[in-house]
Amino acid sequence: MMEATAREALLDDAVQAAAPPNGGMNDLLDVAPEDNLQGQMGEFLDPQAEYNEEEEERKYYRRKRLGVVKNVLAASVGAMIVYSVYMGLLQMQLILHYDTTYREVKYSNLGLEDIDRKMLMGINVTPIVGLLYTPVLIRFLGTKWMMFLASGIYALFVSTNYWERYYTLVPSAVAIGATIVPFWTSLGNYITRMAQQYYEYVNYKQEHVQDQKKLPKGACHSYIIVFQSVFYIIFNLSFVFAEFPMSLFLNNDLQGKAHILDRVEKCGADVHGLIPGFNTTVLTKLPQSMLLIYVESVLMAFAFLSMIIFLVLCGPAYRPTEEIDLRSIGWGNIFQLPFKHLRDYRLRLLCPFFIYSGFEAMFAITGFSLSYGVCVLGLKRLWLLITVYGLSASVFSSLPLLLLRLPRWTCLAAGAVVHFVLLVALFAFSPKPKHEEFLHPLLAVAALWGLGSALNRTGVSILLGVLYAEEKERLDFVYTIYNWWQAIAIFIVYLCAHLPMRAKLSILLVTLLLACYCYWLMERRLAAKVQYRLPRIPRPRHKVKGYRYLEEDNSDESDSEKSEDEEGEEEDEERDGGEERQEEQEQEEVWGAESPGARRRGGEGQRRRRRQQEAEEEEEEEEEEGGEREEW
């Protein structure tokens, strides 16, 4: 018994001697273990001394701004590659199919000439219906995905040239015609949205940016001017790169001007049509089939490169929640809103400039380059004229940057003056065929026309972006109207291809003067602060609550506990309802009882009276039944 007690005492002493060192240290420091653990966790979780939240935020938004610049450059380069491939292939295809020897030897009775006519009809006629589906398509797919899809359709057009048949060329040409308006609308919308995003990332500390409210008037105008100028500087190089297939591959197989222009007697302003008497054999020898396949394969590779650029390098134009809002106003409203935006007198008065923009672009690459350039210098000099025009348009697209210091009307006015002088000079310019001494004057005219085109097209895009800079939900409708009128102009040029040259120049001159007058009238009304009319865009209707719209439903909330946002929404709804009632009253004053509002109110009044009569009849029947029961 004594031995067991001694053994237990020794065991207790050993346990006490083997206590953990922390316990002894804590005893020495008089610190509890829990307090020590909390102190260590506090040191670990406290913000580091070298971490600067404001500096990190500044670096974050600097990366965002660089991303916006990357998006603008990627969209510009992608559009430039798409149109370089498209115009280069189309030019080479039309020249080869024009040669009778090539058609007979390669395709015999296939009827390539008829296929080319129908293909050009599909490209020029189909865009007329673009106004009907462009906004719906863009809001369904999104701006970025619309650009990607359009570049894919252009790549499809390139692929059909591997097997040139009616059922490959004509449907792909119709698809390109249907894509032109959505593609250019997406580009214009995308560049303007990038300018708005850049402003938001520069002024990220502003309260209206943090609350995602409407931008102040004129806030992002400078960014729109810079980004649109950069886009057209890069895009106009497509006219230069489009001539590479012809200058590097096809030019060596073309006949000289003595053979091609043998029966041509008139050029310039005296021409009826394009080039009357132009020889139908323009090739000295037929190009090798494998060489054609190599060229088309290179063009196909660049077409795929443009698709990858749009897909990988271009970021989204809107936030996901903004895209949800844009789609949720109803597809019927999206379909109608482009037509309703024509109520705005600013757009109506700019329509002549939209039409002239299409006229002058088509005249540069068809009327002037063929009836003046090829008719005098031969087909071998065509690439030189188009290259000079493209380089001039690209270089002078930097001139609209002066709008950062000058009034906005100076760009369009300067371009109109340049084109007016050239049109008057071309009226009297009728050079003789096969005269090489006219090379330098024609190159000078091409360069000056490129100057006017740069000022005109860049100026119109900048003007639209500036006028609707604060209305980001309207940009796709505005650019749809702009590009649709350009498509109408291209269709008119296609119909009038065989008119005398002086008639074409007269149409251009009259359209230019009308456009300048309408633009002056618009600026005068804006200076006088004449109120323009914008259609009301309906509020988004969300059928399913998404992550942005998930709110806690408080059924016990009273009217006095409503949030300020809900009260603001109710005020907006009341104001919108007041505007609708005011419009109905105006219609009733004009149309009287035949106005839609009066008919609708009349129908509602009749239904209300009918319901009151039915309720009164039911009450009378119940009273009669009650009286009968009392008598019983």
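Visitor: Which residues in α4 meet α11?
Guide: This is a predicted model. On the α4 side they are Val68, Val72, Leu73, Ala75, Ser76, Val77, Ala79, Met80 and Tyr83. In α11 they meet Phe227, Val230, Phe231, Ile234 and Phe235.

Visitor: How many of those are nonpolar, polar or charged?
Guide: The contact of α4 with α11 has 13 nonpolar residues, 1 polar and no charged ones.

Visitor: What about the angle between α4 and α11?
Guide: Helix α4 covers residues 53-98 and helix α11 covers residues 221-235; their axes cross at roughly 30 degrees and come within 8 Å. An angle under 35 degrees counts as roughly parallel, so α4 is roughly parallel to α11.

Visitor: Left-handed or right-handed, that crossing of α4 and α11?
Guide: The crossing of α4 and α11 is right-handed.

Visitor: Another pair, then. At what angle do α18 and α21 pack?
Guide: The angle between α18 (residues 345-377) and α21 (residues 439-467) is about 160 degrees, and their axes are 11 Å apart. Over 145 degrees counts as roughly antiparallel, which is why α18 and α21 are described as roughly antiparallel to each other. Their crossing is left-handed.

Visitor: And which classes of residue make up the contact of α18 with α21?
Guide: That contact has 20 nonpolar, 4 polar and 3 charged residues.

Visitor: Stepping back, how many helices and strands does the chain have?
Guide: The chain has 25 helices and 0 strands. Of its 632 residues, 46% are buried. Among contacts with a separation of 6 or more, 87% are between residues 24 or more positions apart.

Visitor: Where does α22 sit, mostly covered or mostly exposed?
Guide: Mostly covered: 15 of the 21 residues in α22 are buried. Helix α22 runs over residues 475-495 and reaches 31 Å from its first C-alpha to its last, close to the 30 Å expected.

Visitor: Is threonine 126 buried or exposed?
Guide: Threonine 126 counts as buried because its relative accessibility is 17%. Leaving aside neighbours within four places in sequence, threonine 126 is in contact with Met121, Val174, Gly177 and Ala178.

Visitor: Now leucine 311. Which helix is that in?
Guide: Leucine 311 lies in helix α15, residues 289-313. Its relative accessibility is 34%, so leucine 311 counts as partly exposed.

Visitor: What does leucine 311 contact beyond its sequence neighbours?
Guide: Leaving aside neighbours within four places, leucine 311 is in contact with Lys144, Trp145 and Phe148.

Visitor: Last topic, the backbone. What is phi at lysine 434?
Guide: Phi of lysine 434 is near 60 degrees, a positive value in a residue other than glycine. Most residues other than glycine have a negative phi. Lysine 434 is in the loop between α20 and α21, and at 35% relative accessibility it counts as partly exposed.

Visitor: And lysine 529, where is that?
Guide: Lysine 529 is in the loop between α23 and α24. Its phi is also positive, about 60 degrees. Lysine 529 is exposed, with a relative accessible area of 74%.

Note on methods: Residues numbered from 1 in each chain as written. Predicted model: local features only at pLDDT ≥ 70, side-chain atom pairs only at ≥ 80, totals over all residues. Heavy atoms only, no water. Axes fitted to C-alpha atoms, helices over the stretch in contact; angles between N-to-C directions. Helix = DSSP H or I, 4+ residues; strand = E, 2+ residues; numbered from the N terminus. Parallel < 35°, antiparallel > 145°, perpendicular 65-115°, else oblique. Left-handed = near helix turned anticlockwise from the far one by under 90°. Nonpolar A, V, L, I, M, F, W, Y, C, P; charged D, E, K, R; others polar. Expected span 1.5 Å × (residues − 1). Buried < 20%, exposed > 50% of the residue type's maximum accessible area, 1.4 Å probe, protein only. Contact = heavy atoms within 4.5 Å.
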